[in-house]
Amino acid sequence: KRVQATYAQLRFELMQFERKVVDEWISGTDTKLADKLKQPLLKRDVLSKKLTVNFDSGVWSMLREAKYFQSLDIELPDVVRAVFSKADLYKQHAGNLELIVNSYNELLIEMAEAEAPLM
């Protein structure tokens with residue numbers, strides 16, 4: 001009896017802890033995700049004129065966490081669910097953008113000084 005009572009108490013406390021962690025995650029994701037997605041996708045270095053892709057790694061972390069929560073049948077906020085449903089598309093676009101930026105930066109390095117104003 002005592003083991004069963006201890007088990008029941010521990011199970012209850014773990015479920016409360018899980019709910020607390022999930023609620024904290026959910027409460028912050030709507031605004032964080034929206035803010036991260038509003039950031040410009042490209043940044044230019046003032047001195048070198050090189051571009052970098054500015055896709056926040058926090059978005060990938062949130063999408064990964066959303067994947068795990070979804071596998072546990074935890075209800076996701078609408079904003080997270082909408083972005084999560086297009087995660088593969090975002091990954092593909094981010095990868096393509098990275099390739100384009102790398103090509104652009106290579107052109108910057110290889111071009112002659114006379115060509116620089118054209119870029």
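**A walk along helix α1 and beyond**

Hi everyone, let's start with Val 3, which sits in helix α1. Helices here are DSSP runs of H or I with at least four residues, strands are runs of E with at least two, and both are numbered from the N terminus. Before going on, a word on the source: this is a predicted model, where local features need pLDDT of at least 70 and side-chain atom pairs count only at pLDDT 80 or more, while totals for chains, interfaces and linings use all residues. Residues are numbered from 1 along each chain as its sequence is written, and side-chain values use heavy atoms, leaving out hydrogens and water.

Back to Val 3. Is it buried or exposed? Val 3 is exposed, because its relative accessible area is 68%. For these words, buried means under 20% relative accessible area, exposed means over 50%, and partly exposed is in between, using a 1.4 Å probe and protein chains only. From Val 3 to Leu 97 there are 94 residues in sequence and 57 Å in space, C-alpha to C-alpha. Ala 112 is 109 residues from Val 3 along the chain, and their C-alpha atoms are separated by 78 Å.

Now the helix itself. α1 covers residues 2–37, which is 36 residues, and spans 52 Å from its first C-alpha to its last, close to the expected 52 Å. That expected span is 1.5 Å times one less than the number of residues. Where does α1 bend? At Thr 29, by about 40°; the bend is the angle between axes fitted to the seven residues ending there and the seven starting there.

Which residues of α1 are buried? They are Val 22, Trp 25, Gly 28, Thr 29 and Leu 33. An α-helix has 3.6 residues a turn, so residues three or four places apart point the same way. The buried residues of α1 pack against α2 (57–71) and α3 (78–85).

Let's look at α2 as a partner. α1 and α2 pack at an angle of about 140°, and their axes are 11 Å apart. Axes are lines fitted to C-alpha atoms, for helices over the stretch in contact, and angles run from 0 to 180 degrees between N-to-C directions. On the α1 side, the contact uses Val 22, Trp 25, Thr 29, Lys 32, Leu 33, Lys 36 and Leu 37, and on the α2 side Gly 58, Val 59, Met 62, Glu 65, Ala 66 and Phe 69. Contact means heavy atoms within 4.5 Å. By type, these residues are 8 nonpolar, 2 polar and 3 charged. Here Ala, Val, Leu, Ile, Met, Phe, Trp, Tyr, Cys and Pro count as nonpolar, Asp, Glu, Lys and Arg as charged, and the others, Gly among them, as polar.

One of the contact residues of α1 is Lys 32. Lys 32 is partly exposed, with a relative accessible area of 47%. Lys 32 and Val 59 are 27 residues apart in sequence, and their C-alpha atoms are 8.8 Å apart.

Two loop residues next. Lys 49 lies in the loop between β1 (42–44) and β2 (51–53), and has a positive phi of about 70° although it is not a glycine. Lys 49 counts as partly exposed because its relative accessibility is 46%. Asp 73 lies in the loop between α2 and α3, and its phi, near 60°, is also positive in a residue other than glycine. At 74% relative accessibility, Asp 73 counts as exposed.

Asn 105 is in helix α4, residues 87–110, and counts as buried because its relative accessibility is 11%. What does Asn 105 touch, not counting residues up to four places away in sequence? Lys 50 and Leu 51. Ala 112 comes in the segment after α4 and, at 41% relative accessibility, counts as partly exposed.
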